[in-house]
Amino acid sequence: MVLWPQTAPADGITPERITAALPKLEALAEAAVAEGAVPGLAIAVVHDDEVIFLKGFGHREAGKPEVVDADTVFQIASLSKPVSATVVAALVSDGIVSWDSKIADLDPAFRLADPYPASQLTVRDLFSHRSGLPGTAGDDLEDIGYDRAEILHRLRFVPPSSSFRAGYSYSNFGLTEGAVAAATPTGKPWEEVAEEKLYRPLGMTSTSSRHSDFVKHTNRAALHVRVDGAWAAKIERDPDAQAPAGGVSSTARDLSQWVRLIIGNGVYAGKTLIAADARDQTHVPLMARGNNPVSGGASFYGLGWNVEFGRHGLSWGHAGAFSVGARTLVTVFPKEKLGIVIITNAFPTGLPEGLSDSFADLVFDGTVEKDWVKAWDDIYAGLFGPAVAAAKATYAAPPSPTRPAGPASAYAGRYANDFIGDAIVSKVGDDLVLRVGPAAARSYSLTHFDGDIFLTFPDAETPDRPTGVSFVVGPDGKASAMTIGFLDDNHLGTLQRVGN
């Protein structure tokens, strides 16, 4: 039994209170940038079909003079998911596809590990993350350079993390398959369908689901991570493989038009673009997510949207993050016809949620209840810290005495499995190097740790986090198998030697 939290006060909100909240929101954003919370951000607020606040703050890239404005293009990461759900809702509205269309009919080549779920799987299942696919399924293949088609093909080798429709597991490539399959009847690629059904009708001229379009913009935000305590733009992220789930780039101005459509129940500028039922399906709470980690409200997942029953009543929302440097958020209070979008160019930071929660307090209560930015910062700061600390502790020092490694010839050779494909270990100078991915293009240096265990540092965003690469060496003095730790999240990181 679910006990719903108390909803918003009976007197609701007033235009006067919203108007009074806007300069306070602006001051909070300015202070956050001045204090170094993020290099830059942009905010849009929509109420009753009107964009009532639209502004950029800070800089596109740390240490450079170009400022963020309402037309600065950001990579919005998983904020792409509710945007893509809106695209599919438009397809449903037009009768091109149904939320309950079977993937087996739309994309007969797609498979899951088990035949029954694969035969019953629907667009609804994939957009609500209840297919049984583990959350990280395919992310590892993207990291080593595989494209969308190859990743979606190889999902068939991933064992399920739960029974079909029995568990919630947030999956980038599951949702990507749902979107791509839904677009199939049009005969056009997903990126073109998104433009045709959403971006162009709303005048979102700076929005795209193609990375190549993002990098063409001069007025674009760089991605930032902390290096020695300071924000640095060090890494670029091409998310084309998971474009429906994380590959949209957009501006605060463009996203405000999308929020107008959401608040307007599919009506934009007086014209119905999406039938109410098709859109409403996206906000039905299908899968329980537990409670909001900061405010405590009951949280569910619909179709590409979080559905929460919190301290200010019902809200729809979604966060986005690239661990290499992006943080985004949308929050909509449907009853009040109020929405806010916050896009930033840094990770980790809880600033989007902190500003959104502060704004909601100002609107509903007239005062900010607590330091929401700090509360959310603490959540995001803890995402990588414990894992990095655990890895460092595991590999802090080899056992004493350390077992020597075998000769390079014991490990060198080709290894393979169906999921990862080929991996090649070779001697380069005095070092061993592991190469994986298409054409074995991604390379990782291996440093001896103990016996037949080596270390590598594969994560650009956590460059000090070690992971193990271990070999099984037989009586003949040659490795018969290798387990790559950073590709073993779903127990698919063990590869067998191929040939001699």
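1. Basis. The model is predicted, so local features need pLDDT of at least 70 and side-chain atom pairs count only at pLDDT 80 or more, while totals for chains, interfaces and linings use all residues. Residues are numbered from 1 along each chain as its sequence is written, and side-chain values use heavy atoms, with hydrogens and water left out.

2. The barrel. In the order S15-S16-S17-S18-S19-S20-S21-S22, 8 strands close into a barrel with antiparallel pairing. On average, neighbouring strands of this sheet are turned by 30° against each other, direction ignored. Strands (E, at least two residues) and helices (H or I, at least four) are DSSP runs, numbered from the N terminus; two strands pair if DSSP finds at least two bridges between them. Angles run from 0 to 180 degrees between N-to-C directions, and axes are lines fitted to C-alpha atoms, for helices over the stretch in contact.

3. S15 and S16. Strand S15 (residues 413-417) runs antiparallel to strand S16 (residues 421-428), and 5 bridges join them. The two form a hairpin with 3 residues between them. Asn-417 stands opposite Gly-421 in S16.

4. S16 and S17. S16 also pairs with strand S17 (residues 431-436), in the antiparallel sense and over 6 bridges. Ser-426 stands opposite Val-433 in S17. This hairpin has 2 residues between the strands, and Gly-429 takes a positive phi near 65° in it.

5. S18 and S19. Strand S18 (residues 442-450) pairs with strand S19 (residues 453-456) over 3 bridges in the antiparallel sense. The bridge partner of His-448 is Phe-454 in S19.

6. H2 and H9. Helix H2 (residues 80-93) packs against helix H9 (residues 190-199) at an angle of about 80°, with the axes 9 Å apart. That makes H2 roughly perpendicular to H9 (65 to 115 degrees; under 35 is roughly parallel, over 145 roughly antiparallel, and the rest oblique). Contact means heavy atoms within 4.5 Å. Residues meeting across this pair include Val-83, Val-87 and Leu-91 in H2, and Trp-190, Val-193 and Leu-198 in H9. By class, the contact has 10 nonpolar, 2 polar and 1 charged residues (Ala, Val, Leu, Ile, Met, Phe, Trp, Tyr, Cys and Pro count as nonpolar, Asp, Glu, Lys and Arg as charged, and the others, Gly among them, as polar).

7. Arg-260. Helix H12 (residues 252-263) holds Arg-260. Arg-260 is buried, with a relative accessible area of 14% (buried is under 20%, exposed over 50%, partly exposed in between; 1.4 Å probe, protein chains only). Not counting residues up to four places away in sequence, Arg-260 touches Val-46, Asp-49, Val-51, Val-267, Tyr-268 and Ala-269.
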